[in-house]
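Work through the exercises below with the sequence and the model at hand. Each task is followed by a solution in steps.

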Number of protein chains: 2
Amino acid sequence: MSVTLKDVAQAARVSVSTASRALTGTGLTSERTQQRLVRIARELGYRPNPIARGLKTGQSRLVALLVHNLTNASFQVMAEVVQARLKALGYQMLLCIGGDDPQAESDTLTTLVDHRIDGLIVVPTGKNGAQLETLSKDVPIVCLVRRDDATDLETVLADDPQGAYLGTRHLIELGHKRIGLIVGRQDTTSGRERLSGYVRALREAGIARDDALIHAGHYVPETGATCARKLLDLPRPPSAIFVANHEATLGVLRVTAERHIAIPGDLSLLCYEDMPWFEWHRPAISIVDNGARDLANLAVDRLLHRMDAKGNSKGNGSDGVREYRVGARLIQRDSCRRIDATAPARSAKSKPSSSKSSAAKSAKV
Amino acid sequence: MSVTLKDVAQAARVSVSTASRALTGTGLTSERTQQRLVRIARELGYRPNPIARGLKTGQSRLVALLVHNLTNASFQVMAEVVQARLKALGYQMLLCIGGDDPQAESDTLTTLVDHRIDGLIVVPTGKNGAQLETLSKDVPIVCLVRRDDATDLETVLADDPQGAYLGTRHLIELGHKRIGLIVGRQDTTSGRERLSGYVRALREAGIARDDALIHAGHYVPETGATCARKLLDLPRPPSAIFVANHEATLGVLRVTAERHIAIPGDLSLLCYEDMPWFEWHRPAISIVDNGARDLANLAVDRLLHRMDAKGNSKGNGSDGVREYRVGARLIQRDSCRRIDATAPARSAKSKPSSSKSSAAKSAKV
DNA sequence: CTGTTAGCGCTTTCAA
DNA sequence: TTGAAAGCGCTAACAG
């Protein structure tokens, strides 16, 4: 079928080994034969077979990205970034979707290693630490977005404590005192950290924490809807809701629409994580950007670094740092408004998006 | 590092070939050795090396999916479906993102073939027909969503003519006579076909086609916004807009929000292609579902069929059919309303989502 | 039913 | 600087 190294060697009347050396560019051939071989290879349309090469070298030019799904905009961005970066370097991306299921993660992991992937970026479920730890002996691994506490793998995380803090503080600065929080499961890094940032901002502002305002659950629209109802049904409902994830935000928006609650007139809404349509939505949804693009880029950087270090067998490329944080930032759009601290939370229905200008400047980092 | 077939064979005191036969389950070994080998392999934690196997068999257990991006919800769904189906069969998915760029597509294609992928599902740009045609000699290919007219590759398409027809007819049945269309570029299959379906529905209803109501452009929010403005600025603006793609719909929604045009009170909006948040948006956006999930499943079916046929070398598995269509269906939500044919298009602002019940039953297919 | 032998296409000793 | 030869881990004739 295709042109092999042997064909090239024959055409050039040299041995395969010479051909190999010339084409892989080890300076172990004479300048002349080198160039000649390159030319002939091109003429013949020779393309090295990565499989054969891999069998010998143990490499595959394949890098895997394991994420939970493609519904989440952050994961979409990450997949696109990782793909683009790797392609530019001649790697192909194996995209795996684990659905946040430990069993699926475990299975996938072994198959990936079977395929002799050269590197792995994984959003861990947190339940396969031992396996990850073992695999990391063979292949460079970088964890993304979540840490697997059972490992000390290099991990690239969003600065969730800071992001949640910034968001909450922003709402406080706008005059909100009762701020509802819809946050993720507390057995994930991000769930815990976002809660902690929220709590810290309240504490600093001298606002008492009210557990009736805090709800944790899965990152799905249903959770958002359920929690929003609970919050709004409170005797003293919050004047602002901070939703720590974009899927849940969909649920919240539905509830507010159903109940004809104007945003930001009756309720301010702040969301953690961006999503393309938040900008197009009216009112445009203010967010705390988790920096998905930066996270992915950093993860790729770190992975490449480790892959490189492994190749040169100079240490494991860890650089001594185990955890990287990518800063979150507040992006103000139109879903939060300044309220008069003395007025009741639920004012008259109306006063549409005009809060933009009145909003405080971005909190300093 | 890992356990090889040789290790298993030695442990079992048989030759590697026997071990191979036993483990690959060709009925060419005695029941006893077969089971013994399987047991020993398991005990040793043997995992076959796909690279080595691939070198011999020419297969890789890798299937590639080449799409334009991951921003589009249809592509997200397709990627998830393809990934899930393939994983269940022991294949890994190589996800490539071509950005609808012919050069990128071409490059990717060659790399994929280098990697000896076992199959390819591709959303073609339409500019690399010759290359695709050539590659299809070596590897089973199924085109998805778009046809590459320069080839006669098996192609799985949405039934865009029908979908656009259904959508348009639905609007007509609701009493709309001036229906704006924001459609895709006319050099793509879907762009042309969606326009044709629209035109056919108008013709059947005896409504004259008005080119001022038809705008074609890229599938991006900006296009939607620009076209929406043009449509709404018309001396006689449309009473309904049919947006032939979800990205463009974002742009349209922004414009209507900016101008305080109530949907569906002042304007009915129908969108081609679903997106998770359309359902959560208020008013929930009515759509023509292109059946992304079905498309992906069918593409996988066809690909597997061809891969299978190729393996058994019984023909090319084409079954004589070159083109498959997956039916589109209308999903009514709350963004279209019945209008009084005699009333002016722009009525008083208000009358929010209550058109659901009054909407006509789904057009029959 | 099983073992022996020969590669798949490439890299990499080891000699020359 | 080059060639010959070995071998990565596996499968598949071909004998026995």
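**Exercise 1: Domains of chain A**

Task: state which domains chain A is assigned and how domain 2 and domain 3 of chain A are placed.

Solution. Step 1: the domain assignment of chain A, with bounds from an automatic or database domain assignment, lists domain 1 (5-48), domain 2 (57-153 + 294-326) and domain 3 (160-290 + 328-358). The model is predicted: local features need pLDDT of at least 70 and side-chain atom pairs count only at pLDDT 80 or more, while totals for chains, interfaces and linings use all residues. Residues are numbered from 1 along each chain as its sequence is written, chains are lettered from A and ligands numbered from 1 in the order in which they are written, and side-chain values use heavy atoms, with hydrogens and water left out.

Step 1: the centres of domain 2 of chain A and domain 3 of chain A, taken over C-alpha atoms, are 32 Å apart. Their contact (heavy atoms within 4.5 Å) takes twelve residues from domain 2 of chain A and 17 residues from domain 3 of chain A.

Step 2: an unreviewed UniProt entry places "domain: HTH lacI-type" at residues 3-57 of chain A; such positions are given in the numbering used here, feature names are shortened, and annotations may be inferred rather than shown by experiment. This span is 71% helix and 0% strand, and its end C-alpha atoms lie 20 Å apart. Helices (H or I, at least four residues) and strands (E, at least two) are DSSP runs, numbered from the N terminus.

**Exercise 2: DNA strand D**

Task: describe the protein surface near DNA strand D.

Solution. Step 1: a residue is near a strand if one of its heavy atoms lies within 4 Å of it. DNA strand D is surrounded by 24 residues, and the closest are Thr18(A), Arg21(A), Leu5(B), Ser17(B) and Tyr46(B).

Step 1: this surface near DNA strand D holds seven nonpolar, twelve polar and five charged residues. Ala, Val, Leu, Ile, Met, Phe, Trp, Tyr, Cys and Pro count as nonpolar, Asp, Glu, Lys and Arg as charged, and the others, Gly among them, as polar.

Step 2: of the atoms of DNA strand D within 4 Å of the protein, 61% belong to sugar or phosphate and the rest to bases. A polar backbone atom of Ser15(A) is 3.1 Å from a phosphate oxygen of DNA strand D. On the base side, an N or O atom in the side chain of Arg21(B) is 3.2 Å from a base nitrogen of DNA strand D.

**Exercise 3: DNA strand C**

Task: find what Thr18(B) and Arg21(B) approach on DNA strand C.

Solution. Step 1: Thr18(B) and Arg21(B) are among the closest of the 24 residues that surround DNA strand C. Sugar and phosphate make up 58% of the atoms of DNA strand C that come within 4 Å of the protein.

Step 1: a polar side-chain atom of Thr18(B) is 2.5 Å from a phosphate oxygen of DNA strand C. The side chain of Arg21(B) has an N or O atom 2.6 Å from a base nitrogen of DNA strand C.

**Exercise 4: The two copies**

Technical notes
Polar contact = N/O pair within 3.5 Å; in protein donor to acceptor, adjacent residues only side chain to side chain.
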